[in-house]
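I opened this structure to see how its chains are built and how they meet. These are my notes, in the order in which I looked things up.

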Amino acid sequence: MGSDNQKISERMRADWDRRVSHDYRFWMSDGYEDDHSMWASGARDYAIACSGIADTKHKTYLEVGCGVGRLLRSASKDYEKVYGIDISQEALKHAERFLASEKNVELLAGDGLSLKPLEDGSIDVVLSFAALTSTPVIVFAGYLREIHRVLASDGILRLQVYTGTEQKVSAEDTLHLRCYTEENLSKAFELCGFELQWNRELVLPFEVSSKEFNIEARMISLRKVSDAISASTKEIADTLIPGGEGETTIDVSGCELEYWMALQYAQELAERGDTSRARETLEYALTHHKSTTIDVRDVMDRIIDTIERKEQEGGSTAAPSAPTRRGELFERNLRALSDTFPEVAAQVSRTEPQSVEVKESEEGVVLFAEGQCLDHPTKPLSAARRWAKSALIKDDVERVCVYGLAGGYHIEALFELTSTPISVIEPRQDVFEKALWCCDLTAILPRLQGLTIGNFKRDEVGAGSELLLRPQTVTLSPELAQEVKSVYYGAKGISSLHPSITVLGPISGGTLPITGYTARSLTDLQQRVRAIDMSPFAGGYNALEGYVADEMRQNFMRGKLTEALSDLVLEMANDKPMDILICMAQAPITIETLTELRKRGVITVLWFVEDYLRFHTWKYMAPYYDFIFTIQKTDCINAIKSAGCSEVHYLPTACDPGIHLPMELSEEEKQRWGSPLSFVGAGYHNRQQTFASLSDLPFKIWGTEWPECKPFDRMVQEKGRRLAPEEYVKIFNATDVNINLHSSTERDGVDPYGDFLNPRTFELASCGAFQLVDERTYLPDVFEAGKELVTFNSRNDLVEKAMYYLEHPLERETIARAGRERALRDHTYTKRMEEMLSVIYSSKYEHIKRRQDQSPWKKMLKRAEPHAELLERCEIAFKRGEEPKLDPLVSDIVSGEGKLSETEQKLLFLYHIRKQMIRMRHEESGK
Amino acid sequence: MKKRHPHKQNVLLVNITRLGDMLQATPTIAGMKMENPDCKITVLVEKQFEAVCHTIPNIDDVVAIDLGMTVRSLAREQEGVIDAYEYITEFVEDLRSRNFDYVLNMSSSAYTALLLNLLGIPNKGGWSSDDEGYRMIESEWAQLFATSVFHQNRQYNSLNLVDVFRCSADVDLHPQQLLINVTPDNTEYVEKMLQAAPFTNDGPLVVVQAGASQAKRQWAPINFIRFIKLLVEESNCRVVLSGTKKELQIIEPIVAGVNSPNVFVAAGQTNIPQLAALLKMSELLVTGDTGPMHMSVAVGTPVVSMFLASAFGFETGPYSEGNIVLQPVIGCGPCNPNKACFRPDCHTHISPEMLAELTIRRLQGDFTSLPEGYADPGRVIIYRTFFDENGFYDLMPLNTEYDSSYMKYREAYRMLWLDELGGFKQEKKKSAESRPTSKLQVIQETHSGFQGIEQVESVADEAHAAVSELQELIKDVSAPATRLGEMSNKLGELDRQIEEIGFHYPHLGPLTRMFVFAKENISGSDAYELASQMSSIYSTLKTRCEKLQRYYS
């Protein structure tokens, strides 16, 4: 075994030294036109591979298979210490030259089997990108063990792999890509002591996945969770490919692929006019691969013809268009633009942008921005036509929206294939303007249905649209791409996907009612929803202190109870389908349950409607959620991302117009619930400090945790009991000026740095109640102070404004009405859930769709199609989130509620047959 | 006899799940043919009984429903549910295409009731459902069936369900036994089978059906061992143990315990027609209340039968004359068929010795009396089966004249239903047969009487008057709607009172239950017509109260 591995190692070194000597850019990078392109591609790949890893300044980084250091340069900017290891001596020679100025980079010559001389636990982050993908499985397995060894506890491994149909590749092949099944990979990672953090499709500006061969490029993030690995390298390899890799039958396995790639490259170089390198590459192909079985004589002839032709032409690259011609082109394009999209034309500058570069190709000019080539570098039109064919425009699509215009080649190609209306979103003004200067868009612009630059219209990507994302543009402008995807997949997902969504509430606390609002809003959006109400367990949970005096023991027992409730969630997942689990903050769920659910493909979501600085559960729970939504922005989002969740998004709380509404109250109710001034909420420190001085005002306080002493004894109502939402809505309605002071456990009054908004802000507005709220950073984003509500910044400001508005009821009414209109328009839970689902669907659309397509309901619904009423019943049961069986189809048939249809009678007939047979079996067995 | 649908041309008989039920329907089937010779009779049975139906006389066609497959399809869930749905759709279409003019369903199961409504056959008997899914029991005889099997009422019924079933289908003429054909090839098969038996005795051939359908009705193997030993060792009998393969686990220990060449195991070697042939060849069957018991009387072989646990001889006893029925006397028996029993004390009320003695006695010939003090009637009543003057099955106690405090009620109800539902004139018998035999019984009878019946009568009177008032209000277009509502509520309350009296006085249970069923069957949309139906029901109740008191006294 040892000598076998040694042979493999020697072969890897020999093969890669040979390739690097020939052309390091071609064999090790996709940006192989020049070194500049190579570094740009390295920066791009590094950004994708290492996204979300924060606080790297004092960390150590290792890249396994660093090649010539394409990604190391970017890493050296982020990390304190950077190691690169590679088996190819030739590659390392280049890397030393390239990275000589990067003092924190250390290059190591690898033996192809281990990570010697690195010490155990010495590395914080390991990356392997486009390297272990071509190694034999036994080498890959060995490296997984080694990476585990050198990683520190909780260290992160980012790994690029290919998943899909397992490839039969010879063990001695050092070039072919290895493709593993997701299941085998997961098992291998587990054996190696890693825990999966996320697994995403790798999207690059060119095709890296192949639907035809069922190969998908993936980026995987893993975390080291155990210190020891019991599995041997062989066991790990057997787990990755249970049948083992095949024995080689030829002298140099993989040579045919290498030969073929070299020929293709030679052809490309020849066509580009780089005839000398084309000849070198042709020679490389011929010298090194005599044993191939492919008959490529025709190809060879064509390459030689091209080389000779180009040499006769002088071999020079076509010169860029003359500036005068560009000016004419710009004018023609601008006229066409003004005719069709005058508002876009009005925004166009008449100065040619310099931030975008242009290169000529034989099929037209190609644009480059930030080193990123925005069309195919040599054959933009041919590549665009291939892309258009594979873009698969469906027949029932009303319109196509393309993200990215660049040189417009792909739009031209789409128009050749379809008459479906096309609109375009180009995120970059400079790219668009450069295209106007350099590319002939006069044939495209008049045919476009829509064109937006730097932004987009929601209806362009709404229902009925097909969104086509140009990978090059996504890479260049990922933020807008994310927004577009959210809107597109949100609309598409909400109308076409029907995942079973479970909303898990907390046992008690202020988040409890939000659970209900969330579930109801999802139902309003026609989603399949089940809310798990954990509040019935609150009694037992709270009673623990009556049994155990020691607080630590109490907490220990509460943890046990949480575990039991978490297991209950798992049982419920066994009972009924679960595709998405939305946990509200403080929901009783454990890491183990979340891990198990994720293994089953359930998307885990946390809506953390708490102050992240005060409640810290996210610190250890973050890696177990696919999505976390927070009520705080940048710092909070970054902190949670650093804790291990890559998808963290801002989503404030809201109102439920079905609960939080204006109401007519009787005199008795007004008497009980009303007051000139009221406050509803718990007695936090800053509230006590502030409100103690308002005891001379007609002020009622409602809520828990208030002191029983003076002056609160006369202000706090109904012994400070907990109120139901329906009750505090009455208070809001019966009060002239509702005070809303956000809680703080440290400040004495208004928190000067307070950012997020409590639910009360939205609920008061929705009730059409006048509120006086403390100033908050995020408030201007959601309400207009002075118009939709009124703010205060201190105790004195509060008193002054309260007195003023008590005396100006008409002003109060106008403001409250405007506040309600705004709340209903922008801040309902339904809106929030739309946003949440849009985010989830924008990255999980295919995952959910695949689950749905594979779900038993799919087949059942298909089979039910010939029976209209049965189909309708199936659809209703499906949307309710039920299992595909008989019981949900009959559960809502009620005798005596009108004539039963024939379908209902038949279903009841079946139901009672089953019941009778079960009864008879019980009778026979004497039960 | 009163009849609802005397003429029948194309009849569907729904009798799906039990062999015993099928056999118990044979007098009805035969009677229908006797009364309507040109009528075509189709039976609907579960697939496993399809073959057996071809051995039952007078059946023209058999439709089978595969319940096992349907339930398996449903258990597969997903597409299995659609498979089951499509199967049922096809099945219903097939039945509809046969254009039946009359259907009788004597199964109380909800699914057969739904099926009847789905089929839309114009004339119905037995359990059905209305368009809204409510249960309906067509015909008073079928309501009596439902009333009698209602557990709390069982002891007050002496009408065999075969007769009630028959009358539900308006069948008067009928053979006084169940029917099944025995074919020569099956006889030949059994003869060959028995030739292999190493019998050394040459006495009577007795079949023993040891297995029972329910665990609580299973007499202990040790009892069977003692019983069979007495037959083979002291009476020269040849014993054949019948049963299914599954029942071998009961039979094998018995065979091992008896350890005699005169015990032959036929269990697992015969299908149903072959078992019929075996029973026909034998001289007697000893059994519990089982399918083979019905089969035995159908081939004319007498039975000695133990009615243990929930089994009740009056209800489902062997339907032919001259059979012996043993009914343990115990406070909890006959028990609820749907409840398990973990200490079946009733089993000890029949001893192997007594059973053997009765078996030998019956082998010697039919008998109508037993020697004085033969068996303690406080532990077991030994009955002989017979038919009364109207052709209805009945049981005659042989070891006592007075079987229990229920006896008088049973007789009174029997007379009431034969009179009211059948139109058979009833003469009050001398009370000699109903003489109490113990002081306790005297006290019980004196104190119970027909207590509560006056209350029923009085409420019925009040309700009748209320309906009359309601009818007046309906006729009066100016009557306020609130008044109509009040009357309706009042009637609802009175109905509830009647039902509650029935719960309070168990002996009134059958009377009030019949009333409830009658109310459930009120149908139509015309208010006056509905009130008329109600009026008639209260009148009937009042009449029945009067008659019941008369027949009881």
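I count two residues as in contact if their C-beta atoms, placed from the backbone, lie within 7 Å. With that rule I looked at chain A, where residues 24 or more positions apart account for 68% of the contacts with a separation of 6 or more. I note here that the model is predicted.

**Chain A in outline**

I listed the secondary structure of chain A and found 36 helices and 26 strands. Chain A has 927 residues, and 46% of them count as buried.

**Nonpolar cores**

I asked which residues touch the most other members of the largest nonpolar core. They are A:Leu910, B:Leu13, B:Ile228, B:Val239, B:Leu241 and B:Val456, in a core of 180 residues. Helix H18 of chain B, residues 453-475, gives this core its largest share, 9 residues.

I then took B:Leu13 and listed what it touches, leaving out residues up to four places away in sequence. The list for B:Leu13 is B:Ala25, B:Ile29, B:Ile41, B:Val43, B:Leu44 and B:Leu104. Another core, of 147 residues, lies apart from the largest one. Its members include A:Tyr403, A:Val737, A:Val790 and A:Ala816.

**Where the chains meet**

I looked up how many residues each chain gives to the contact between chain B and chain A. Chain B gives 30 residues and chain A gives 32. On the side of chain B that touches chain A, the elements giving two or more residues are helix H4 (67-76), helix H5 (79-97) and helix H6 (110-119). H5(B) has the largest share of that side, with 7 residues. I sorted the residues of this side of chain B by type and got 16 nonpolar, 9 polar and 5 charged.

**H21 of chain B and two helices packed on it**

I started with H18(B) against helix H21 of chain B, residues 527-552. Their axes are 9 Å apart, and the packing angle is about 160°. Angles over 145 degrees count as roughly antiparallel, and H18(B) and H21(B) are therefore roughly antiparallel to each other. Their crossing is left-handed. In the contact, the residues of H18(B) include B:Ile453, B:Val456, B:Ala460 and B:Val467, and those of H21(B) include B:Tyr528, B:Met534, B:Leu541 and B:Leu548. By type, the residues of the contact of H18(B) with H21(B) are 15 nonpolar, 6 polar and 3 charged.

Next I took helix H20 of chain B, residues 509-520, whose axis comes within 11 Å of that of H21(B) and crosses it at roughly 165°. That makes H20(B) roughly antiparallel to H21(B). The crossing of H20(B) with H21(B) is right-handed. Here B:Leu511, B:Phe515, B:Ala518 and B:Lys519 of H20(B) meet B:Ile537, B:Leu541, B:Arg544 and B:Leu548 of H21(B). The residues of the contact of H20(B) with H21(B) divide into 6 nonpolar, no polar and 2 charged.

**Backbone entries**

I keep one rule in mind for this part: most residues other than glycine have a negative phi, and most peptide bonds are trans.

I found a cis peptide bond from A:Lys116 to A:Pro117, with omega near 10°. A:Pro117 is in the loop between strand S3 (105-109) and strand S4 (123-128) of chain A. Another cis peptide bond joins A:Lys710 and A:Pro711, with omega about 0°. A:Pro711 is in the loop between strand S23 (699-702) and helix H26 (712-715) of chain A.

I also looked up two residues with positive phi. B:Glu77 is not a glycine, yet its phi is about 60°. B:Glu77 sits in the loop between H4 and H5 of chain B. Is B:Glu77 buried, exposed or partly exposed? B:Glu77 counts as partly exposed because it has 15 C-beta neighbours inside 10 Å.

The phi of B:Asp170 is near 60°. This residue is in the loop between helix H8 (161-168) and helix H9 (184-195) of chain B. B:Asp170 has 24 other C-beta atoms within 10 Å, so it is buried.

**One residue of chain A**

Last, I checked A:Ala564, which is found in helix H20 (residues 551-575) of chain A. A:Ala564 counts as exposed because it has 12 C-beta neighbours inside 10 Å. Its C-alpha atom is separated by 8.9 Å from that of A:Pro588, a residue 24 residues apart from it along the chain.

Methods: Residues numbered from 1 in each chain as written. Chains lettered and ligands numbered in written order. Predicted model: local features only at pLDDT ≥ 70, side-chain atom pairs only at ≥ 80, totals over all residues. Core = buried A, V, L, I, M, F, W, Y, C linked by C-beta atoms within 7 Å. Buried ≥ 20, exposed ≤ 12 C-beta atoms within 10 Å, placed from the backbone. Helix = DSSP H or I, 4+ residues; strand = E, 2+ residues; numbered from the N terminus. Nonpolar A, V, L, I, M, F, W, Y, C, P; charged D, E, K, R; others polar. Axes fitted to C-alpha atoms, helices over the stretch in contact; angles between N-to-C directions. Parallel < 35°, antiparallel > 145°, perpendicular 65-115°, else oblique. Left-handed = near helix turned anticlockwise from the far one by under 90°.
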